[in-house]
Amino acid sequence: MTNPAQPVTNGEPNPFAGCSLLVVDDNEILRERMARAMASRGLRVRAAANYDEALELARAQTPDLAVVDLRMPGPSGLELLRDLLQLRSDMKVVVLTGFGSIATAVEAMRLGAANYLPKPADADEVLAAFKAEHGEGASASQMPDDYQAPSLARAEWEHIQRVLADCGNNISEAARRLGIHRRSLQRKLHKLAPD
C-alpha cells in the first residue's frame with residue numbers, strides 16, 4: 001500500500017510529489033493539460049506561456065523542476081534554460097521538442113538540461129525523463145562525446161518540415177516563408193528524408 005501523501009504514477013509512488021514545477025509552453029492547450037496532469041500527480045505547478053512570464057515566475061519563486069518548450073515566440077527555450085539554470089544551478093529541466101529540432105535538443109543537453117522529449121509528451125513521460133536523469137534509468141544527459149551533427153541535407157529537410165508544420169501544411173505559404181518557388185518545395189518534399 002502506498003503512502004497517500006505520495007501520489008502514484010504508473011503504479012509506483014511519485015518521487016517528485018511535493019516538488020515545485022514550472023511548465024512553459026506557448027501552446028495553451030498543451031500547457032494547461034500538462035499543468036493539470038502534473039498537479040494531479042502531487043506537484044505544485046505554475047505555468048507560463050513564454051520566456052518573460054517564465055522568468056518572472058522563476059524569480060518570484062525558483063522551482064525545483066521545469067518543463068520547457070524548445071520553440072516559442074521571442075527568446076527560445078534554450079535561452080530560458082540557460083537563464084533558469086543561472087537562477088538555480090541544481091534545477092532539473094526537461095526540454096520538449098517538436099519534429100526537426102533534435103539537434104537543438106542535443107544542444108540543450110550540453111547546456112545543462114536534465115533530459116529532452118519529443119512533443120507531444122504526457123506527464124508520465126516527463127516524470128520518467130526526470131527520473132532517468134536521477135540515475136534510475138538510462139540518462140539521456142550522458143551525451144556521447146562523438147555526437148555527429150546532422151548532415152546539411154538532413155538539417156534542410158528538418159527545417160522544411162518545421163516551416164511546413166508551422167504553416168499548417170500549406171505548401172504555398174511554406175514556400176513563401178522559405179523564399180523558394182512552390183514547385184521547388186514540392187520536389188524537395190517528394191524526396192525521401194535524408195539519413
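I note here that the model is predicted.

**Entry: helix 1**

I then turned to the helix itself. Helix 1 covers residues 28-40, and at 1.5 Å a residue its 13 residues should span 18 Å. I found the end C-alpha atoms 18 Å apart, which agrees with that expectation.

I looked up which of its residues are buried, and recorded Arg-31, Met-34, Ala-35, Ala-37 and Met-38. Viewed down the axis of helix 1, these buried residues fall within an arc of 170°, so they line one face of the helix. I recalled that an α-helix has 3.6 residues a turn, so residues three or four places apart point the same way. On the face turned away from the buried side I listed the exposed residues Glu-28, Ile-29, Arg-36 and Ser-40.

At the N-terminal end of helix 1 I found a cap formed by Asn-27. A side-chain oxygen of Asn-27 lies 3.0 Å from the backbone nitrogen of Ile-29.

I also examined Arg-41, which is found in the loop between helix 1 and strand 4. Is Arg-41 buried or exposed? Its relative accessibility is 18%, and Arg-41 therefore counts as buried, the cut-off being under 20%. I traced the side chain of Arg-41 to the backbone oxygen of Ala-37, which it reaches at 2.8 Å. Ala-37 is among the buried residues of helix 1.

In what order do the five strands of the open sheet stand? I read the order as 4-3-5-6-7, with parallel pairing. Strand 4 (44-48) and strand 7 (115-118) stand at the edges with a single partner strand each, so one side of each has no neighbour in the sheet. I noted that neighbouring strands are turned by 20° against each other on average, direction ignored.

I followed strand 6 (residues 92-97) to its partners. With strand 7 it pairs in the parallel sense over four bridges, and Thr-97 stands opposite Pro-118 of strand 7. Strand 5 (residues 65-69) and strand 6 are also paired in the parallel sense, over five bridges. There I found Val-93 in strand 6 as the bridge partner of Ala-66. Five of the six residues of strand 6 are buried, so this strand is largely enclosed by the rest of the structure.

I next located Ala-114 in the loop between helix 4 (102-111) and strand 7. Ala-114 has a relative accessible area of 3% and is buried. I compared its position with that of Leu-65, 49 residues away along the chain, and found the two C-alpha atoms separated by 9.6 Å.

**Entry: aromatic rings**

How many aromatic pairs does the count give? I recorded one. The pair consists of Phe-16 and Phe-130, and it is tilted, with 5.8 Å centre to centre and 55° between the planes. The pair links distant parts of the chain, its members being 114 residues apart. I placed Phe-16 in the loop between strand 2 (12-13) and strand 3 (20-24), and Phe-130 in helix 5 (residues 123-136).

Finally, I looked up the accessibility of each ring-bearing residue. Phe-16 counts as buried at 7% relative accessibility. Phe-130 counts as buried at 1%.

Methods
Residues are numbered from 1 along each chain as its sequence is written. This is a predicted model: local features need pLDDT of at least 70, side-chain atom pairs count only at pLDDT 80 or more; totals for chains, interfaces and linings use all residues. Side-chain values use heavy atoms; hydrogens and water are left out. Helices (H or I, at least four residues) and strands (E, at least two) are DSSP runs, numbered from the N terminus. The expected span of a helix is 1.5 Å times one less than its number of residues. Buried means under 20% relative accessible area, exposed over 50%, partly exposed in between (1.4 Å probe, protein chains only). The arc is that of the directions from the helix axis to the C-beta atoms. A polar contact is a pair of N or O atoms within 3.5 Å; within protein, one must be able to donate a hydrogen and the other to accept it, and residues adjacent in sequence count only if both atoms are side-chain atoms. Rings of Phe, Tyr and Trp (its six-membered ring) pair if their centres lie within 6.5 Å; planes under 30 degrees apart count as stacked, over 60 as edge-to-face and the rest as tilted. Two strands pair if DSSP finds at least two bridges between them. Axes are lines fitted to C-alpha atoms, for helices over the stretch in contact, and angles run from 0 to 180 degrees between N-to-C directions.
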